[in-house]
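Subject: Structure handover

Hello,

Please find the structure below. My notes on what was found in it follow.

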Amino acid sequence: MTKVGVIGAGAWGTALACAAQRAGNEVLLQAHEPEVAEAINRTHSNPVYLPNTSLDVNIKATPHLSDLADSDIILMVAPAQFVRATARQIKSFLKKETPLLVCAKGIELDSGKLMSEVLREELPEAEVGILSGPTFAIEVVNALPSACTLAMSNLSHAMEIANAIGSNRFRIYASDDIVGAQIGGAVKNVLAIASGMASGKGFGDNARAALITRGISELVRLGVSKGAKAETLMGLSGMGDLTLTCNSMQSRNFSLGVALGQGEQLEDILKVRKAVTEGVFTARSVCKLAETQGVEMPICAAVNRILNEGADITQVVEDLLSRPFKEEL
């Protein structure tokens, strides 16, 4: 049995704890809020982030990060903008031989760095992996079939970890493309907001299909410019994740886009949400990274203008539709 520590008891952290426990591991889930840890231990549920669901009695929770010191594998599920601060907190007890799997999807706002780049700065000796793919938390909790990518520089080690925490209901495919797994997971959040806005504005299925397809082109361009493999971005952590989050109200990013398209204000949407909607932050950092890489990403730029620069949705859409025709590839 492997000791698996999970940092972050939001919906996705709780779901990963369920998946790891179901694979036969001893799981300790760290919750930022003490009341969440107490509820998991006492009622075997997470009423704050996953209401109306039951957790296995063997999943234990703690509010203390240091309690994860004896873990054989640690899954870091803190939101992307808190990964650096969390890394600094665990530096004192993280063992060199303990793999650290980042399960957040985003790009650091201030620096434009990927999560692996952040951890290379803060924890230079750590073995870092990226776990990403088309997975809604509630479906993983309920043991519905899911699949994702685990990217590590050591492919054989990625396979070992996949066998340790994966199962027939949570299939893990190994990759050595750490950059590609991250670009896919980050950019799809921004594109999901765009897809939601198109739906909320009533533009129809044709428009959303075109938007998603052109969004894949943006995602691939940025990834390849950073050294990712194009085929990774057409896999689970790229096109797979994008397809899921651009088509379902279960997606926080898609549903936020729908609300914006229907005329709601961003601040009103966010103030009633408990969970973080990563795409709101990632829109700005993706555009910053794209500018640094010299990559054109008109859809992501349009979302950023709406979210962070107060641009009018109707005018931004007209600007996109008025772009000159060009070769597709």
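How do the residues of the lining of the largest cavity divide into nonpolar, polar and charged? They divide into four nonpolar, three polar and one charged. In this count Ala, Val, Leu, Ile, Met, Phe, Trp, Tyr, Cys and Pro are nonpolar, Asp, Glu, Lys and Arg are charged, and the others, Gly among them, are polar.

Some conventions before the rest. This is a predicted model, in which local features need pLDDT of at least 70 and side-chain atom pairs count only at pLDDT 80 or more, while totals for chains, interfaces and linings use all residues. Residues are numbered from 1 along each chain as its sequence is written, and side-chain values use heavy atoms, with hydrogens and water left out.

Overall form

The protein has 15 helices and eight strands. These are DSSP runs numbered from the N terminus (helices are H or I with at least four residues, strands are E with at least two). The C-alpha trace spans about 60 × 40 × 35 Å along its principal axes. A compact globule of 329 residues would have a radius of gyration near 20 Å, and the 19 Å of the protein agrees with that. The radius is taken over C-alpha atoms, and the globule rule is 2.2 Å times the number of residues to the power 0.38.

Of the 329 residues, 56% are buried. Buried means under 20% relative accessible area, exposed means over 50%, and partly exposed lies in between (1.4 Å probe, protein chains only). Among contacts with a separation of 6 or more, 71% are between residues 24 or more positions apart; a contact means heavy atoms within 4.5 Å.

Nonpolar cores

In soluble globular proteins, nonpolar side chains tend to be buried together. A nonpolar core is here a set of buried Ala, Val, Leu, Ile, Met, Phe, Trp, Tyr and Cys residues joined through side-chain atoms within 4.5 Å. The largest one has 43 residues, and Val 187 and Leu 260 have the most contacts inside it. Helices that each supply at least two residues of this core include H7 (178–200), H8 (205–225), H11 (252–261), H14 (298–308) and H15 (313–321). H7 gives the most to this core, with ten residues. Leaving aside neighbours within four places in sequence, Val 187 is in contact with Leu 219, Leu 222, Val 286, Met 297 and Cys 300. There is a second, separate core of 41 residues, which includes Val 4, Val 36, Val 141 and Ala 158.

Cavity and pockets

Both are found on a 1 Å grid over the protein atoms alone: a cavity is a set of points where a 1.4 Å probe fits but cannot get out, and a pocket is an open set with protein on both sides within 12 Å along at least five of seven lines. Lining residues have an atom within 4 Å of a point. Points are joined across faces, edges and corners, and a volume is the space filled by probe spheres set on the points.

The structure holds one cavity of 30 Å³ or more, and the volume of the largest cavity is about 40 Å³. Its lining consists of Ala 104, Lys 105, Gly 106, Met 115, Ile 130, Ser 132, Ala 181 and Gln 182. Strand E6 (128–132) and H7 each supply at least two residues of that lining.

The largest pocket holds about 1,400 Å³ of space. It is lined by 45 residues, and Gly 10, Ala 11, Arg 252, Ala 275 and Val 276 lie nearest its centre. By class, its lining has 21 nonpolar, 16 polar and eight charged residues.

The second largest pocket holds about 770 Å³. Its lining has 28 residues, with Arg 214, Ile 299, Leu 320, Leu 321 and Arg 323 the closest to its centre. H8 gives the most to this lining, with six residues. By class there are 19 nonpolar, no polar and nine charged residues.

Single residues

The loop between H2 (34–43) and E3 (60–62) holds Tyr 49. Not counting residues up to four places away in sequence, Tyr 49 touches Ala 9, Gly 10, Ala 11, Glu 33, Val 36 and Lys 274. Asn 52 is found in the loop between H2 and E3 as well, and counts as exposed at 82% relative accessibility.

Most residues other than glycine have a negative phi. Asn 52 has a positive phi of about 65°, and Ala 143 has a positive value near 60°. Ala 143 is placed in the loop between H5 and strand E7 (146–152).

Regards
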